[in-house]
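Thanks for making time for this.

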Amino acid sequence: MNTSFKRILKMILLFLMFVVLFSSVILLTNFFKPKNNIDQDNKNEFLFLMAGVDDNGEEFGTRTDTMMLVKANLNEKKIDLISIPRDSLVNINGYMDKINAAHSYGGIDLTIETVRDFLGIDLTNYVVIPFDAVVDGIDALGGIDIDVSEDIASAMDITPGTHRFTGSEALDYVRFRKGYANADLGRIATQQDFVMQFIHEATRAKNIPKLPIVYMSMSDKIKTNMSFSQMSKLAFAFRGIDKDNINQVRLEGEVVDIDGISYYDIYDYSIEDVRNNFLSNFSY
């Protein structure tokens with residue numbers, strides 16, 4: 001295999017590992033030599049919204065099922081995964097509604113605007129991942145081993161321990177919510193744990209040769225406004241990152257009932273805590 005072909009293959013794998021891993025796998029790749037900037041105003045940190053949607057490519061009319069801010073700190077070599085509960089009560093175009101409704105009304109543009117106004121942050125970058133892409137990607141990978149904790153297993157009425165999930169089984173796993181004592185918050189914890197374990201699985205040496213197939217199965221379904229250059233530089237900066245440097249964060253609040261509809265009302269102090277401790281360089 002000549003050097004030119006190897007470099008092209010590495011470029012393909014680099015892009016692939018980003019889209020396959022809920023936008024997070026690419027942060028752990030080991031290809032190439034790092035470069036210095038991310039083409040963003042804040043040169044030391046990079047922020048984007050990762051949204052999971054249950055749709056068939058429709059721009060509007062579907063709600064986001066999963067929302068997570070991913071912040072990468074280049075100096076400290078750390079990643080923060082900040083989950084936003086989908087039932088969070090927010091202002092959308094002058095009306096109070098669940099934050100996941102923004103995508104239904106105005107697609108990812110209104111979703112970005114809503115998150116930006118809700119948290120008071122500068123946010124422009126996004127990755128939208130339809131759930132059928134997740135299914136296709138995991139199936140192309142040949143399945144994924146997930147270690148299911150006793151608490152999660154009890155909620156789902158399955159045995160604890162390692163399960164080999166197909167794409168549809170993995171999707172059922174991350175979307176499950178009814179059996180948790182704390183409802184959607186339990187599901188958020190499961191999703192964050194899934195991302196962590198998926199990082200480990202997708203970056204195993206035995207799976208690297210499968211990535212071109214995974215890429216082909218997913219690439220036409222993923223929507224992002226991030227350039228290949230931005231994604232590449234993130235991968236360069238975070239190659240070989242330790243799992244201990246990936247931090248899981250969640251906005252805190254309480255369930256409220258308004259006209260018979262259940263919402264999650266985020267505490268003001270939780271927003272301030274996240275802004276001050278994790279998003280200070282993006283706050284306004």
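This is a predicted model: local features need pLDDT of at least 70, side-chain atom pairs count only at pLDDT 80 or more; totals for chains, interfaces and linings use all residues.

Let me begin with Tyr173, which is buried at a relative accessible area of 2%, where buried means under 20% relative accessible area, exposed means over 50%, and partly exposed covers what lies in between, using a 1.4 Å probe and protein chains only. Residues are numbered from 1 along each chain as its sequence is written, and side-chain values use heavy atoms, with hydrogens and water left out.

Which ring lies beside Tyr173, and at what angle? Rings of Phe, Tyr and Trp (for Trp, its six-membered ring) pair if their centres lie within 6.5 Å, and planes under 30 degrees apart count as stacked, over 60 as edge-to-face and the rest as tilted. By this rule there are three aromatic pairs. In one of them, the centres of Phe46 and Phe48 are 6.2 Å apart and the planes meet at 50 degrees, so this pair is tilted. Tyr173 pairs with Phe165, with 5.4 Å between the ring centres and 40 degrees between the planes, so this pair is tilted too. Phe165, for its part, is buried at 9% relative accessibility.

Phe46 is buried with a relative accessible area of 1%, and Phe48 is buried with 2%. Both belong to β1, whose two faces are covered: Phe46, Phe48, Met50 and Gly52 are buried on one side, and Glu45, Leu47, Leu49, Ala51 and Val53 are buried on the other. In general, the side chains of a regular strand alternate between the two faces of the sheet. Strand β1 spans residues 45-53, and nine of its nine residues are buried. For the names, helices (H or I, at least four residues) and strands (E, at least two) are DSSP runs, numbered from the N terminus.

What does β1 pair with? Two strands pair if DSSP finds at least two bridges between them. With β2, strand β1 runs antiparallel and is joined by nine bridges, and there the bridge partner of Phe48 is Val70. With strand β6, residues 126-130, the pairing is parallel and extends over five bridges, and in β6 the partner of Val53 is Pro130.

Now to the charged residues. Side chains of opposite charge can pair when their charged atoms come close. A salt bridge here is a side-chain nitrogen of Lys or Arg within 4 Å of a carboxyl oxygen of Asp or Glu, and the structure holds eight of them. One joins Asp65 and Arg86, with 2.5 Å from N to O. Asp65 lies in strand β2 (residues 64-73) and Arg86 in the loop between β3 (78-83) and β4 (89-92), so this pair ties together parts that are 21 residues apart in sequence. Are these two residues buried or exposed? Asp65 is buried at a relative accessible area of 6%, and Arg86 also counts as buried, at 16%.

Another salt bridge joins Asp136 to Lys221, whose closest N and O atoms are 3.0 Å apart. Asp136 is in helix α3 (residues 131-141) and Lys221 in the loop between α7 (211-218) and β9 (223-224), so the pair links parts 85 residues apart in sequence. Asp136 is partly exposed at 28%, and Lys221 is partly exposed at 24%.

A further salt bridge, between Arg275 and Glu272, has 3.6 Å from N to O. These two are three residues apart in helix α9 (residues 268-277), separated by about one helical turn. Arg275 counts as buried at 14%, whereas Glu272 is partly exposed at 38%. Finally, Glu45, Lys71 and Asp80 are linked in a network of salt bridges.
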